[in-house]
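Please find below a colleague's note on the structure shown here. The points are numbered so that each may be taken up separately.

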Amino acid sequence: MWQITQVARLRPRLTSVYWPLLARACLIALCGLITAFVYGPGNAIAPALLLLLVAALGTLPVPATVPAWLQPLTETLAASLVVGALQDSGALFLPYVLLPLATAGITAGLAAALVAAGLASLTLVLTTLYVDPTGQVLFRLGGSSGVEPWTWVLIFMAVAVVAAWMKRVSIGQSSSPDPAYADAHRLLSELHVVARQLSLGLDPPTLAAALVDELRGLVPGADPTVLVKSGSSRFVPIVGDVPTSFAESVMLDAWVGSGTIRRSRHGTTVAALPVLMGARVVAVVVLTAHRAVDDDELERCRKAIALAGPRLASALLFDDVRHLATVDERMRLAREIHDGIAQDMA
């Protein structure tokens, strides 16, 4: 068990070393293939082996006390020294120097990247500089490769600036708020503005009571009840009495079928009308009357419920969000009591 735990702890560190080394090895292999094609295989082996050694040393894990700029700066200096010392046979390996240079800019910022670019440029110029017998100053690197070292100096500086800019952009993105919370804040802000304009607010019992009062005026002598489904799939009344078993079967059919159901038994009529939000049933209204309820009364009730549907659905959704926030607060208080007061008392 202890060995498994140690392997699990070492796995992120091994992964952080593996991928940078693999990227460097692939770039070295590509440069080696091009060098072998241009100058022959003999001129590609030595630069490839030396740069692989530099890459291995440049990706080794270092203690946290070591400055972030030191390792990429050392790798950049070593790579430029190898490429410059090998002269023509190492000319096509110059793209490798861009990797540690970019790493310096991303990990340590613009200052470290510019220092690394300056050291790499100085090393490249000094190692390829020579004076011919006529006294003319030439560069060994540019003779057969066609690219003067001054061109690579500009490329080094450009890569340093771009890498530092990438670091700045990544910091700005990482410091941005969580998108989920940003969307929640935007929606809650809009809800706050809308809720202040609502005449009845977003309280489900208040909206359900207003609907019940309207239905009592439309169907005299009826006893309306507004019910919703709880988390356990049981019908819970918001306003009104708990329905009988006969009424429960009627409203279950109305909920499932999303349509009005009316049944009579022993002189009592029970009509169940679903409250819809679009095509989704959010609640059901049960009318219980000790007389027959005609079609005109049910049609007026359907129209009233259709107008009240969006209001009641919004209130139920808001109540669910408020319930989730209350549950989170209770869990936080429970953790504080368990970790603080309870332990102190124990």
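**Notes on the predicted model**

1. Confidence. The model is predicted; its chain has an average pLDDT of 77, and 77% of the residues score at least 70. Over residues 1-15 the pLDDT stays under 50, and the model has two contacts beyond four places in sequence for this stretch. Residues 142-146 also have a pLDDT below 50; this stretch has five contacts in the model beyond near neighbours in sequence.

2. The largest nonpolar core comprises 27 residues. Within this core, L215, V226, V285 and L287 have the most contacts. Two or more residues each come from α9, β3 (223-229), β6 (268-277), β7 (280-289) and α11 (295-345). Of these elements, α11 gives the most, with eight residues.

3. Surroundings of V285. Which residues does V285 touch, not counting residues up to four places away in sequence? They are L211, L215, T225, V226, A271, A272, L273, V275 and I305. Two of these, L215 and V226, are themselves among the residues with the most contacts inside the core.

4. A separate core. Another core, of 24 residues, lies apart from the largest one. Its members include L73, A79, Y96 and A116.

5. Helix α9. This helix (residues 204-218) has 15 residues and reaches 21 Å from its first C-alpha to its last, close to the 21 Å expected at 1.5 Å a residue. Its residues P204, L207, A208, L211, V212 and L215 are buried. They cover an arc of only 140° around the axis, which puts them on the same side of α9. In general, an α-helix has 3.6 residues a turn, so residues three or four places apart point the same way. On the other side of α9, D213 and G217 are exposed.

6. Helix α4. The 14 residues of α4 (residues 95-108) should span 20 Å at 1.5 Å a residue; the end C-alpha atoms are 21 Å apart, which agrees. Buried in α4 are Y96, V97, P100, L101, A104 and G105. Of these, Y96 is named among the members of the 24-residue core. Just after α4, G109 adopts a positive phi of about 100°.

7. The aromatic pair. A search of the whole structure finds one aromatic pair. F235 and W255 form this pair in an edge-to-face arrangement, 5.5 Å centre to centre and with 75° between the planes. The angle is classed as edge-to-face because it is over 60 degrees. The pair links distant parts of the chain: F235 belongs to strand β4 (residues 235-239) and W255 to helix α10 (residues 245-257), 20 residues apart. Are the two partners buried or exposed? Both F235 and W255 are buried.

8. G58. This residue is in helix α2 (residues 42-58). Not counting residues up to four places away in sequence, G58 touches Q71 and E75. The C-alpha atoms of G58 and Q71 are separated by 6.2 Å, although the two residues are 13 residues apart along the chain.

9. S121. This residue lies in helix α5 (residues 110-128). S121 counts as buried because its relative accessibility is 6%, under the 20% limit. Leaving aside residues up to four places away in sequence, S121 touches V153 and F156.

Definitions and conventions. Residues are numbered from 1 along each chain as its sequence is written. This is a predicted model: local features need pLDDT of at least 70, side-chain atom pairs count only at pLDDT 80 or more; totals for chains, interfaces and linings use all residues. Side-chain values use heavy atoms; hydrogens and water are left out. Rings of Phe, Tyr and Trp (its six-membered ring) pair if their centres lie within 6.5 Å; planes under 30 degrees apart count as stacked, over 60 as edge-to-face and the rest as tilted. Helices (H or I, at least four residues) and strands (E, at least two) are DSSP runs, numbered from the N terminus. Buried means under 20% relative accessible area, exposed over 50%, partly exposed in between (1.4 Å probe, protein chains only). The expected span of a helix is 1.5 Å times one less than its number of residues. The arc is that of the directions from the helix axis to the C-beta atoms. Contact means heavy atoms within 4.5 Å. A nonpolar core is a set of buried Ala, Val, Leu, Ile, Met, Phe, Trp, Tyr and Cys residues joined through side-chain atoms within 4.5 Å. pLDDT is the predictor's confidence in each residue, from 0 to 100.
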